[in-house]
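Here is a short briefing on how two chains pack together. Look over the sequence and the structure first, then read the points below.

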Amino acid sequence: METIGIFADVESAGRAVTGLVKAGFVEAQITSLTSVAYPDGVLVKVEQRSWFRWVALAGAAVGAVAGFCLAAGTAWLYPVRTGDKPIIALFPTGIVTFEITMLFAIIGTMVGMFLEMRLVSRRPRLYDPAIAEGCIGISVSFYLPGEVVVCRRGDADEECIGAIANLSAREQRERAEGIMGQAGALRTITE
Amino acid sequence: MSNAHPTPQVTRPPTAKSATAVNDELLSSLNAPTRSWYALVALLSAAVAWGLIAFGWQVTHGMYVTGINRPVMWGFYITGFVFWVGLSHSGTMVSSILRLSRANWRRPILRSAEAMTVFCIAVAGLFPLIHLGRNWIFFYMIPYPNQRGLWPNFRSPLLWDMTAITAYIIGSSLFLYLGMLPDLALVRDRSHGWRRDVYALLAMGWRGSAHEWAVYHKASTLMAALIIPVAVSVHSIVAWDFAVTVVPGWHSTIFPPYFVIGAILSGVAAVITLMIVIRRAFRLEEYLTALHFDNMGKILLVISLLWSYAYFVEVQTTWYAHEPIEWEVFSFMADRYSWQLAVMLIGNSLLPIFTMCFKRLRRCIPVLLAVTMLVNVGMFIERFLIIVPSLSHKNMPFAWGSYSPSWVEISVNVAALAGFSLLFTLFAKFFPIVAVTDVRELEARKAQVPLGRAELPSLAVED
């Protein structure tokens with residue numbers, strides 16, 4: 001379950017996040033929805049480590065093998081005998097391998113990015129078009145009582161669960177809506 | 001009496017606009033087309049249609065309808081190919097370098113530069129296919145097992161070109177799409193009907209969460225770093241099409257860097273020309289300011305100096321060695337194509353260097369338009385002068401010849417220019433031509449900070 005509070009400016013949105021954290025919600029439950037990027041910490045703090053680069057690297061490795069097989073492997077399978085030139089020519093093999101490696105690395109970057117962003121979702125997610133017009137959305141996800149929200153490296157146990165997690169999801173939502181209303185939310189929408 | 005000092009008050013700039021106002025202005029290009037837009041599209045479509053007719057004439061009658069003949073077997077088509085590859089070079093390069101260096105003035109320029117790259121490389125890729133002769137069996141170049149028992153020879157630079165151009169078209173298209181992703185979501189939220197469905201599909205469910213933005217910025221940086229070596233390699237490979245032969249005037253180690261520099265020169269000039277056109281067409285004077293033209297003018301100056309140096313080195317080495325056949329090519333070029341040579345040197349070297357030294361001229365739009373257009377005229381001539389004189393006067397004097405383009409080749413080249421313009425015009429009507437979220441991000445981070453007696457503009461940045 002998720003609730004989004006819509007705010008007219010960054011300041012009131014920032015106040016809402018501060019209020020939510022003070023009330024026992026953990027950072028991992030809260031995120032901002034904005035049409036422009038704000039520096040980390042202005043609204044919420046996000047996990048800085050990302051793994052999509054590994055997908056890019058894997059793409060590059062696959063590309064290197066594919067490029068080498070395309071230029072050198074197929075030259076071996078379908079030999080074109082030209083004078084005393086070698087069947088597998090190093091320079092062209094290097095060029096083709098490089099290009100295919102870079103191409104697959106680029107494709108890997110895109111694929112990894114979409115996977116890590118968890119985009120291309122079949123289920124429509126909670127959103128408000130006012131965000132495109134400069135409003136700030138503060139989204140709070142609710143979990144079952146006692147459920148571990150998320151544990152990041154170095155987080156203490158209470159940071160993983162959050163004091164608020166003793167309450168039912170409905171009570172969590174009501175409390176979050178109240179805090180966001182006090183901070184100046186224009187409206188709240190709930191999934 | 002209190003000694004307490006008042007807390008310095010950070011305020012929003014007095015000229016700051018609301019997000020809706022900025023959206024309205026920057027997305028005005030997506031408004032319903034005007035009559036003049038339809039007229040422009042019709043004109044460009046007619047030019048493209050004429051080029052298709054000329055190409056059809058060539059297909060049905062054979063390559064004799066072109067001006068190419070022994071010994072000059074590469075003419076206007078390959079000139080066009082090298083020229084358009086060169087133009088494509090700089091859009092992505094400029095965008096990537098400015099992204100990596102976090103130059104804030106880059107923001108309004110990025111989109112048109114990246115789109116230019118995609119359309120230029122698409123146009124460039126057509127020229128080798130048009131030049132093939134038996135165009136209908138172009139797929140023989142594609143490596144796949146077949147009943148012919150043939151396999152493409154990867155020792156041929158043509159295959160290197162095909163691999164590099166394919167990688168560059170896909171890479172630069174993804175780079176353009178990546179940059180557009182937040183803007184597509186923004187347009188999705190402001191549109192209705194079938195357009196909303198299309199933009200929603202392209203936006204992939206983007207909501208602009210903090211996590212999405214964090215990953216997006218990292219991915220943009222990585223893509224920028226990956227696309228630069230691809231761009232450099234593409235034009236180096238085009239240079240190797242020439243340099244790996246033993247044709248006098250071509251077999252030179254300086255060709256790859258010289259081609260890359262020339263490509264950046266023509267690309268930077270084209271980006272400036274497009275900026276001027278877009279600024280005028282969509283009333284973006286407030287966003288594409290004198291500062292942007294000033295900075296791009298400085299880049300043009302530096303690249304023009306580099307090009308002049310590379311050209312001087314190439315000619316000086318040949319002149320000093322005075323190797324007969326090499327010198328013959330230069331002599332023939334200076335004699336037969338003297339006015340073209342003069343236009344090239346003025347357009348690529350003297351004029352940009354002289355004018356771009358002066359701030360007033362860098363900020364003067366008519367001067368910039370004239371200079372940048374002349375740079376690209378000069379670059380087209382430069383490509384022609386690289387190709388034709390060398391082939392005209394190769395090692396065997398009894399086989400010397402000359403070349404003049406036919407109406408078919410000229411028509412196809414004009415159609416290529418019209419095709420590029422048409423693609424760009426259509427793109428500007430259906431997609432945001434300025435990176436709206438990038439520009440708005442800059443606006444959102446601006447503030448007036450009191451310092452001493454003054455209030456100075458400041459910008460919030462991350463490490």
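**Two chains in contact**

The axes of α3(A) and helix α5 (residues 157-190) of chain B come within 10 Å and cross at roughly 15 degrees. Here axes are lines fitted to C-alpha atoms, for helices over the stretch in contact, and angles run from 0 to 180 degrees between N-to-C directions. Helices (H or I, at least four residues) and strands (E, at least two) are DSSP runs, numbered from the N terminus. This is a predicted model, in which local features need pLDDT of at least 70 and side-chain atom pairs count only at pLDDT 80 or more, while totals for chains, interfaces and linings use all residues. Residues are numbered from 1 along each chain as its sequence is written, and chains are lettered from A and ligands numbered from 1 in the order in which they are written.

**α3(A) and α5(B)**

- α3(A) and α5(B) are therefore roughly parallel to each other; angles under 35 degrees count as roughly parallel, over 145 as roughly antiparallel, 65 to 115 as roughly perpendicular and the rest as oblique.
- The crossing of α3(A) with α5(B) is left-handed, a term used if the near helix is turned anticlockwise from the far one by less than a right angle, with right-handed for clockwise.
- Residues of α3(A) including P92(A), I95(A), L103(A) and M110(A) meet residues of α5(B), among them W160(B), A164(B), G171(B) and L178(B); two residues are in contact if their C-beta atoms, placed from the backbone, lie within 7 Å.
- By class, this contact of α3(A) with α5(B) has 14 nonpolar, two polar and one charged residues. Ala, Val, Leu, Ile, Met, Phe, Trp, Tyr, Cys and Pro count as nonpolar, Asp, Glu, Lys and Arg as charged, and the others, Gly among them, as polar.

**α3(A) and α7(B)**

- Helix α3 (residues 90-117) of chain A also packs with helix α7 (residues 210-243) of chain B, at an angle of about 165 degrees and with the axes 10 Å apart.
- That angle makes α3(A) roughly antiparallel to α7(B).
- The crossing of α3(A) and α7(B) is left-handed.
- Among the residues that make the contact are F98(A), A105(A) and M113(A) of α3(A), and V215(B), L222(B) and I237(B) of α7(B).
- The classes in the contact of α3(A) with α7(B) are 16 nonpolar, two polar and three charged residues.

**The whole contact between the chains**

- Chain A contributes 50 residues and chain B 49 residues.
- On the side of chain A that touches chain B, β2 (30-33), α2 (52-77) and α3 each give two or more residues.
- α3(A) gives the most to that side, with 16 residues.
- That side of chain A has 34 nonpolar, nine polar and seven charged residues.

- Chain A has five helices and four strands, and from the N terminus on they run β-α-β-α-α-β-α-α-β.
- Of the 191 residues of chain A, 41% count as buried. A residue is buried if 20 or more other C-beta atoms lie within 10 Å of its own, exposed if 12 or fewer, and partly exposed in between, with C-beta atoms placed from the backbone.
- M1(A) is found in the segment before β1 (2-7) of chain A.
- M1(A) counts as partly exposed because it has 14 C-beta neighbours inside 10 Å.
- M1(A) and R173(A) are 172 residues apart in sequence, yet 8.6 Å apart in space, C-alpha to C-alpha.
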